[in-house]
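Subject: Structure handover

Hello,

Here is the structure to be handed over. My notes on what was found in it follow below.

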Amino acid sequence: MPELPEVETIRRQLAPALEGRRLERLEVLDPRWSEPAPPAEVEDALRGRVIERLSRRGKYLVFEFEDDVYLVMHLRMTGNLLLGREGSHVRVRFGLDSGEELLFADVRRFGTGVVLLGRDALEDYFRARLGVEPLSPDFTAEALRELGRNRRAPVKAFLLNQERIAGVGNIYADEALFRAHIHPLRPVGTLKRPQIAALRDAVVEVLEAGIDSRGATIDDFRNADGAEGAFQDRFLAYGREGEPCVRCGRPIRKLRAAGRGTYVCERCQPRPRPRRA
């Protein structure tokens with residue numbers, strides 16, 4: 001699933017082509033994309049409006065139209081937005097007044113689009129779903145400590161909880177925990193202040209590195225121009241099962257944490273001690 005760096009990469013690529021342009025044509029080819037709203041209702045709400053800004057919140061891409069009308073898109077597992085290119089499995093077509101066409105292609109049909117009317121509706125939508133933005137000034141070590149205070153959840157599960165931290169997924173959680181020397185199964189409430197500070201810095205570091213590399217392509221992710229991301233070439237932990245740790249040489253292990261395949265060096269990221277009865 002595209003995570004924050006992949007969505008931010010797409011936003012940065014599309015913004016110059018979309019902002020200030022009028023949406024002259026919208027074809028929702030797959031009704032599942034806009035459920036429960038019918039395609040015709042979505043098309044009528046957006047057609048003819050100017051896209052004033054393209055923004056992002058967590059893993060969501062937000063088309064901000066004139067008159068406080070918003071289209072909130074989630075790419076889910078296999079969704080891709082392609083500008084000026086043909087593609088297969090096209091679910092939605094956006095026709096711009098520039099003559100260019102933006103396609104939403106999605107093999108598994110999990111991607112969604114929601115139209116929201118008014119800034120309050122947009123803020124309520126995200127308030128119910130997302131926590132702090134990890135690349136914002138609000139994401140401090142102290143804020144992270146407060147979010148995890150007294151919680152027994154494994155730190156990997158904590159990082160994946162979008163209601164706590166918006167935009168971090170499986171890949172970037174593994175990479176951040178490796179850099180912070182923290183085992184994924186460590187209860188988040190037991191982390192010491194220096195560990196919390198290291199984790200905060202590691203999350204920011206890996207997200208910024210992912211954006212700098214234009215995302216990571218494991219299976220389906222493509223940039224708006226159809227190219228693959230490159231962050232997979234810089235992984236230190238994720239996907240490296242059996243390979244030597246770049247720090248100590250011990251083989252990277254794969255285990256299950258938060259229901260997800262998780263990669264860890266258990267020498268550099270010591271496993272938490274069992275709790276005494």
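In the hairpin that strand 9 and strand 10 make, with 2 residues between the strands, Ala 258 takes a positive phi near 55°. The model is a predicted one: local features need pLDDT of at least 70 and side-chain atom pairs count only at pLDDT 80 or more, while totals for chains, interfaces and linings use all residues. Residues are numbered from 1 along each chain as its sequence is written, and side-chain values use heavy atoms, with hydrogens and water left out.

Strands and helices here are DSSP runs numbered from the N terminus (strands are E, at least two residues; helices are H or I, at least four). Two strands count as paired if DSSP finds at least two bridges between them.

Arg 256 stands opposite Gly 261 in strand 10. Strand 10 (residues 260–264) is mostly covered, with 4 of its 5 residues buried. Buried means under 20% relative accessible area, exposed means over 50%, and partly exposed lies in between (1.4 Å probe, protein chains only).

Arg 250 is in the loop between helix 7 (193–212) and strand 9. Its relative accessibility is 36%, so Arg 250 counts as partly exposed. Contact means heavy atoms within 4.5 Å. Not counting residues up to four places away in sequence, Arg 250 touches Glu 243, Pro 244, Cys 245, Cys 265, Glu 266 and Arg 267. Arg 250 and Cys 265 are 15 residues apart in sequence, and their C-alpha atoms are 7.0 Å apart in space.

An open sheet is formed by 4 strands in the order 2-3-4-8, with antiparallel pairing. Strand 2 (51–57) and strand 8 (112–117) are at the edges with a single partner strand each, so one side of each has no neighbour in the sheet. From one strand to the next, the twist averages 20°. Helix 1 (residues 4–18) packs on the sheet and touches strand 2 and strand 3 (60–65); the direction of helix 1 makes about 170° with that of strand 2. Axes are lines fitted to C-alpha atoms, for helices over the stretch in contact, and angles run from 0 to 180 degrees between N-to-C directions.

Strand 2 and strand 3 are joined in the antiparallel sense by 6 bridges, and Leu 54 has Phe 63 as its bridge partner in strand 3. These two strands also form a hairpin with 2 residues between them, where Gly 58 in the turn has a positive phi of about 60°. Strand 4 (residues 69–74) pairs with strand 8, antiparallel, over 6 bridges. Val 69 is placed opposite Leu 117 in strand 8.

A buried loop residue

Gln 162 is in the loop between helix 5 (155–160) and helix 6 (170–179). With 18% relative accessibility, Gln 162 counts as buried. Leaving aside neighbours within four places in sequence, the contacts of Gln 162 are Lys 59, Arg 129, Leu 130, Gly 131, Gly 167 and Val 168.

Regards
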